[in-house]
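Student: I have a model open and would like to learn how to read its features. Could you walk me through a few?

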Amino acid sequence: MGTAVLGGTFDPVHYAHLRLAEEALLALGLAAVRWIPAGQPPHRATPKGAAAHRLAMVRAAIAGNPRFILDAAEVERQEPSYTVETLRRLRIETGAEHSIVLLVGADAFAALDTWYCWRELFELAHIAVAQRPGVSLDPGRLSPPLAACWRERFAPEARVLEARPAGHIVEFPTTPLAISATQIRALIAAGRSPRYLLPESVLDYIQDNGLYRAPC
Ligand code: ATP
């Protein structure tokens, strides 16, 4: 059984992340999901929450699930964290034959060709794309290089993930949850509660540490 990787800023982690990971395990027949909070993501704005807080919130959110594993390597790096480097490291750890599956939401996939060394991602891992409310996964709307990549690599059956260690794109269904970290930060900054959008333990951590109170 393969290992999934879920990267993100998790600023903060919320229920859509948790359902995405849980449903990926079931739909794709994976052994575990490795959660990798980004340290200093190079391709987007600096996260509002400090890396140590984002790490602690993911730790609280996944506590008690033995199939969810926290990987702090990107947070501990001083330099910008690139997914391709994380996957190179994981590939060395797991060996050449192990199936690695990078989980991404449809919005993240649509921007994949802006990632550092994005083509190399497919030498290191499969990519499994989760639908996200409000984001179309129509290959016709992808950039030409990404659309070509989709045509070459898309497989309709998740079974392919076991047959090879890397190289395919699959889609998997998830319960549509229109939750975003942006929405949660905005609610807190407006003095409103984001409860029920994220685990209580994460909300407690946010309140205890006074996070996201400044306007986004
Ligand atoms: P922000 O609002 O700050 O951009 P976010 O809620 O999109 O944050 P990220 O940490 O950027 O959260 O997301 C990590 C991964 O989870 C990405 O691949 C993203 O596409 C996916 N994801 C986040 N929210 C959802 C959602 N509601 N449905 C499906 N996928 C999601």
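**Reading contacts, rings and a helix**

Tutor: Let us begin with contacts, meaning heavy atoms within 4.5 Å. Leaving aside residues up to four places away in sequence, His126 touches Ser99, Ile100, Val101, Leu102, Val160, Leu161, Arg164, Pro165, Ala166, Gly167 and His168. This is a predicted model, where local features need pLDDT of at least 70 and side-chain atom pairs count only at pLDDT 80 or more, while totals for chains, interfaces and linings use all residues. Residues are numbered from 1 along each chain as its sequence is written, and side-chain values use heavy atoms, with hydrogens and water left out.

Student: Is His126 buried or exposed?

Tutor: Buried means under 20% relative accessible area, exposed over 50%, partly exposed in between (1.4 Å probe, protein chains only). His126 is buried, at 0%.

Student: How do I read an aromatic pair?

Tutor: A pair of aromatic rings is described by the distance of the centres and the angle of the planes. Rings of Phe, Tyr and Trp (its six-membered ring) pair if their centres lie within 6.5 Å; planes under 30 degrees apart are stacked, over 60 edge-to-face, the rest tilted. The whole structure has 5 aromatic pairs. Phe10 and Trp35 make a tilted one, with 5.4 Å centre to centre and 45° between the planes. Both Phe10 and Trp35 are buried. Ring pairs also link Phe10, Trp35 and Phe68 into a cluster.

Student: Which residues of helix H9 are buried?

Tutor: Helices are DSSP runs (H or I, at least four residues), numbered from the N terminus. In H9 (residues 181-189), Ala181, Ile184, Arg185, Leu187 and Ile188 are buried.

How values were computed:
Helix = DSSP H or I, 4+ residues; strand = E, 2+ residues; numbered from the N terminus.
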